[in-house]
Amino acid sequence: MKAAVLVFPGSNCDSDCFYVLNEVMGIPTQYIWHKDKNFPRVDLIILPGGFSYGDYIRAGVIAKALAPTMEALNRHIKEGRLVIGICNGFQILLEAGFLPGAMLRNRSLSFICKHIFLRTETTNSPFTRDCADQQILNLPIAHGEGNYFCDTDTLKLLQDGDRIAFRYSSEEGKLGDEFNPNGSVNHIAGILNEKRNVLGMMPHPERSSEAILSSEDGRKIWESLLG
Amino acid sequence: MYKVIVNVTLKDSILDPQGTTGLHALNALGFQDVKGMRVGKYFILMVNSANETYAKERAEEMCQKLLANPIIEKYSVDKVNFVGIGTNNLGGTP
């Protein structure tokens, strides 16, 4: 497997993703600068977290105006290769229309930076196939606009299609408003596209892939990819 | 050149905690007469167009493609004023 991290002006988790894939997981990884004309042919593209274009107008929306990059990303996805959008990367995937729904400001209006628990909602994806059924993962979140919203028809599509990858939960896997940090519809923390080769998630697996960072649960996602 | 004003707010069906918090603050400051508040974004666009209708059409397209997200927001193109030929002085440094 080969991977690339797509870097925008204002991305700030790009080095973390690069380091974890390359050094911790041993996946040969390269950077793609958002203006690079030659998009490399890789198996996995990561859209990292951060504040691309300063979150101007709406988080993630400016990136969609980069026509050549978005077309290359579209080709990559259409060919069935993999994409993970983490945090701001998830916001970009939503704004660019690769995943359904939109992000609202957190219910509390505060930027939230803390460890939370996620319940794995499907193991039927290249990103979660190594997880146990309903496995609980301890991952950090760090966002101001992670309050996932979609209309009821879209939610039904996601539910019926088994496309909700992760929900916020208690450590025991219980769902409830008290375990939902940002107000997301249906406690959604991560979703898949219809072909199941694109994952968007707000929590940061790249910040929890080594014991020294207090949780290694993020490795489950990388290990799933490695099969 | 037309100066076009665009307002973007969250749809009525979407909770606006910023509006609610602001409303409570206004009430606490003695503005008991304020009963509702929504917070949005205000855009000033200088659109090079031969006529008002086209300037408005272009602004609507801009809303659909970038300025508003139809899943959560609504927009209105509120004012279109002719401001002379070739002027785009909006202040600030380009």
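**Entry 1: a covered strand.** I started with strand E1 of chain A, residues 3-7, and found it mostly covered, with five of its five residues buried. I kept in mind that this is a predicted model.

Next I asked myself which residues of E1(A) sit on each side. On one side I found A:Ala3, A:Val5 and A:Val7, and on the other A:Ala4 and A:Leu6. These are all buried, which leaves both faces of E1(A) covered.

**Entry 2: the neighbours of E1(A).** Which way does strand E2 of chain A run beside E1(A), parallel or antiparallel? I looked it up: the two run parallel, and five bridges join them. E2(A) covers residues 29-33, and in it A:Trp33 is the bridge partner of A:Val7.

I then followed the chain from E1(A) to E2(A), and it took me through helix H1 of chain A, residues 14-24. This β-α-β crossover is right-handed.

Strand E3 of chain A, residues 44-47, is joined to E1(A) too, by three bridges, and this pair also runs parallel. Here I noted A:Leu44 in E3(A) as the bridge partner of A:Ala3.

**Entry 3: where the chains meet.** How many residues of chain B are in contact with chain A? I wrote down nine, and they touch twelve residues of chain A.

On the chain B side, helix H1 (17-28) and helix H2 (52-67) are the elements that give two or more residues. The largest share, three residues, comes from H1(B).

Key. Residues numbered from 1 in each chain as written. Chains lettered and ligands numbered in written order. Predicted model: local features only at pLDDT ≥ 70, side-chain atom pairs only at ≥ 80, totals over all residues. Contact = placed C-beta atoms within 7 Å. Helix = DSSP H or I, 4+ residues; strand = E, 2+ residues; numbered from the N terminus. Buried ≥ 20, exposed ≤ 12 C-beta atoms within 10 Å, placed from the backbone. Pairing = 2+ DSSP bridges. Right-handed = clockwise from strand over helix to strand, strands pointing away.
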